[in-house]
Amino acid sequence: DVPLRELAAAKGRVMGTAVTGSKLTGTYGDLAGAQFNSLTPGNAMKWGSVEPTRGSYNWAEADQIVNFAEAHGQQVRGHTLVWHSQNPSWLTNGTWTPAELSTLLNDHIALEVGRYKGRLKAWDVVNEPFNEDGTYRQTLWYNGLGTGYIAQALTAARAADPAARLYINDYNVEGVNAKSTALYNLVKSLKEQGVPIDGVGLQAHLIVGQVPSTLQQNIQRFADLGVDVAITELDIRMTLPSDSTKLAQQAADYKAVMNACVAVARCAGVTVWGFTDSDSWIPSTFPGQGAATPYDENYAPKPAYYAIAEAL
Ligand code: XIL
């Protein structure tokens, strides 16, 4: 079979996967290197991973993944700089004035983006800023700095690495709905204000049989604003155990997502959130659900794998 990365490259697209650095040896490393042309660290670049204690840094896993990607001719998506989750406890438990929060944000972005300057293709600068109804999520950042934290973060990231493509990333924004419309209005307003924003990430943590019918239309409306779109965290979960009927529906769903991206010129590509069921966040986060990725626990390609290949 032709590797997915070759099929994707022939269409000028990215086929990526999230990875865990410690697993990048043996079969896992072979497949990650051979099949994908982009890597996203699943956890290694989050604030809680890189600065668990204030002023003391742990870059080992992030560096390892970036080095692996360069050795395999792969892009890297940085994930993620500003989020409400997986922050260090010193940050979340602190009491900060707005001025202090602003400095913490700017310094964090300058340091982390600066460390990998020129080496990463893109950054998920802001992750998950919205609630389901399209209002802003009340986070450390929103509560302290207001909506301006988003423009501030993007501006700081641009200054630290002018070549990186800067994204806002969220979930349940794949179809046209209240949340994706809020994201659309934000991106439109940022563009009008001249704030550096290059793309929108649709996470796409989907459920078998439930690919939104408006996915392509939604990708297109963001593209029409003049930004790139990436499917950044695709997985399609099912109630366990899996069976051939569910796996066939899952394959059709993967193909539908791939087709929607390939149909829009500004859709940069698709990243799966783990390429094997043995390295997926789904079973621990959604009990009773799983089998969400293109390879099974033993690294055998599933129908979904072949469906991705057919769409590319
Ligand atoms: C998940 C990781 O995959 C897990 O290992 C971790 O325990 C929790 O975070 N949206 C995101 C990702 O943007 O960072 C999340 O990753 C999945 C949901």
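Here are some questions and answers about this predicted model.

Reader: How do helix 11 and helix 13 run relative to each other?
Author: Helix 11 covers residues 244-262 and helix 13 covers residues 303-311; their axes are 8 Å apart, at an angle of about 25°. Angles under 35 degrees count as roughly parallel. That makes the run of helix 11 against helix 13 roughly parallel.

Reader: Which helices do the buried residues of helix 13 pack against?
Author: The buried residues of helix 13 are A304, Y305, A307, I308, A309 and A311. They pack against helix 11 and helix 1 (4-10).

Reader: Is A32 buried or exposed?
Author: A32 lies in helix 2, residues 26-35. Leaving out residues up to four places away in sequence, A32 touches T17, V19, L24, L39 and F275. A residue needs 20 or more other C-beta atoms within 10 Å to be buried. A32 has 26 C-beta neighbours inside 10 Å, so A32 counts as buried.

Reader: Where is P241, and what sort of peptide bond joins L240 and P241?
Author: P241 is in the loop between strand 8 (228-239) and helix 11. Omega for the bond joining L240 and P241 is about 0°, and that peptide bond is cis.

Reader: What about the peptide bond from H79 to T80?
Author: T80 is part of strand 3, residues 75-82. Most peptide bonds are trans. From H79 to T80, though, omega is near 0°, and the bond is cis.

Reader: What is the phi of Q86, and how exposed is Q86?
Author: Q86 lies in the loop between strand 3 and helix 5 (89-92). Phi of Q86 is near 50°, positive even though Q86 is not a glycine. With 13 C-beta neighbours inside 10 Å, Q86 counts as partly exposed.

Reader: And what is the phi of N172?
Author: N172 lies in the loop between strand 5 (165-170) and helix 9 (178-193). N172 is partly exposed, because 19 other C-beta atoms lie within 10 Å. N172 is not a glycine, yet its phi is positive, at about 55°.

Technical notes:
Residues are numbered from 1 along each chain as its sequence is written. This is a predicted model: local features need pLDDT of at least 70, side-chain atom pairs count only at pLDDT 80 or more; totals for chains, interfaces and linings use all residues. Axes are lines fitted to C-alpha atoms, for helices over the stretch in contact, and angles run from 0 to 180 degrees between N-to-C directions. Helices (H or I, at least four residues) and strands (E, at least two) are DSSP runs, numbered from the N terminus. Angles under 35 degrees count as roughly parallel, over 145 as roughly antiparallel, 65 to 115 as roughly perpendicular and the rest as oblique. A residue is buried if 20 or more other C-beta atoms lie within 10 Å of its own, exposed if 12 or fewer, and partly exposed in between; C-beta atoms are placed from the backbone. Two residues are in contact if their C-beta atoms, placed from the backbone, lie within 7 Å.
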